[in-house]
Amino acid sequence: MELKKLLEQQSAEAWEKYIPSLSIDCVIFSFYENALHVLTVNMKDQNLWGLPGGYVQKDENVDDAAVRILKDRTGTENIYLQQFYTFGNLKRSEIAFEAYDDSIWNKQRFVSIGYYALAEHSQVKLRIDQYSNAVEWKLIETLPEFMMDHRAIFDKALLTLREQLNNHPIGYNLLPEKFTMPELQKLYEAILGKKLNRGNFYRKILRYDILIKLDESRKGGAHKAPDLYSFDLTKYNEALKEGLKGNW
C-alpha cells in the first residue's frame with residue numbers, strides 16, 4: 001500500500017494512541033570497517049532519506065518510547081541512548097505532508113526530541129517496516145539528501161558526540177569487546193573528522209590506564225598482528241567522571 005493511503009487509514013488511531021505534537025528522532029551511530037556510519041531510512045514513495053523516528057504513546061515515558069523505536073529498527077534494546085536536543089522550528093515536518101488533508105495526524109506541527117544512540121555493529125539486525133522501502137547504514141561523509149530537518153538533527157548529534165567524547169563511554173559502546181589501538185584511533189578520527197598523530201594519541205590514551213592489554217593479537221593481516229585491548233570499565237568510568245581532557 002502506498003504511504004499516503006496507509007497514513008490516512010491510521011490517522012484516527014494515531015490521534016487516540018499518541019501524545020499530540022510530540023515526536024522522537026534518533027541518530028543511531030555505528031563504527032565498522034574503520035568508519036563511522038549512521039542509520040538511515042528511505043520512506044515509501046519518497047526519494048529522500050531520513051532518520052528513524054516515531055511518536056510517544058500516551059501511556060509511556062519519553063525515554064521508553066525512544067527505546068521502543070530503537071528496538072523496532074535495530075532488533076535490540078541493548079544500545080547506549082542519550083537525549084541531546086529538542087527541535088521545534090515552524091513547519092519542520094508539515095511540508096513533507098503538504099499533499100495530505102490538514103486533519104491527518106502526520107501533518108500536524110511536531111516538536112521532536114532528539115536522541116543519539118551508539119550501536120555495536122555486530123549486535124544490530126536491521127528491520128524494514130510497513131512505512132519504508134529500505135533501512136541502511138550510511139557513511140557520515142557521504143550521506144544522502146535528508147527529508148525535513150533531519151540533516152540539521154544529524155549535524156547536531158555529531159557535534160554533541162564530539163563534545164561528549166571525553167566524558168561519555170562512546171568508545172566502549174561503539175567498539176567490539178576486543179579491539180586494536182589503531183581501531184581505537186580510527187574511531188576518534190572518524191568522530192572528530194580529522195587525522196591524529198599516532199604517537200601522541202597512544203601516549204594520551206595509555207596515560208589514563210583505562211585499557212587492558214590482552215594476551216592476544218589480531219590475526220590475518222599482511223603486517224605484524226597488532227595487540228588486542230579491552231576497556232577496564234572501572235578505571236574507564238572513573239576517568240570519564242573527571243573527563244579525559246584530551247586535546248585531540
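1. Basis. This is a predicted model, in which local features need pLDDT of at least 70, side-chain atom pairs count only at pLDDT 80 or more, and totals for chains, interfaces and linings use all residues. Residues are numbered from 1 along each chain as its sequence is written, and side-chain values use heavy atoms, with hydrogens and water left out.

2. Ser21. Phi of Ser21 is near 70 degrees, a positive value in a residue other than glycine. Ser21 sits in strand β1, residues 18-32. (Strands are DSSP runs of E, at least two residues; helices are runs of H or I, at least four; both are numbered from the N terminus.) Its relative accessible area is 39%, so Ser21 is partly exposed. (Buried means under 20% relative accessible area, exposed over 50%, partly exposed in between, with a 1.4 Å probe and protein chains only.)

3. Lys91. Lys91 also has a positive phi, about 55 degrees, and is not a glycine. Its place is the loop between β5 (80-87) and β6 (111-119). Lys91 counts as exposed because its relative accessibility is 58%.

4. Salt-bridge count. The model has 12 salt bridges. The rule asks for a side-chain nitrogen of Lys or Arg within 4 Å of a carboxyl oxygen of Asp or Glu.

5. Arg151 and Asp155. These side chains form a salt bridge at 3.1 Å, N to O. Both residues belong to helix α3 (residues 150-163) and are four residues apart, about one turn of the helix. Arg151 is partly exposed at 38%. Asp155 is partly exposed at 36%.

6. Asp227 and Lys213. What separates the closest N and O atoms of this salt bridge? The distance is 3.2 Å. Asp227 lies in strand β10 (residues 227-231) and Lys213 in strand β9 (residues 211-217), so the pair ties together parts that are 14 residues apart in sequence. Asp227 is partly exposed, with 33% relative accessibility. Lys213 is exposed, at 52%.

7. Lys241 and Glu238. Here the salt bridge is 3.1 Å, N to O. Both residues lie in helix α7 (residues 233-242), three residues apart, about one turn of the helix. Lys241 is exposed, with a relative accessible area of 64%. Glu238 is partly exposed at 46%.

8. Network. Which residues are linked in a network of salt bridges? They are Asp25, Arg92 and Asp149.
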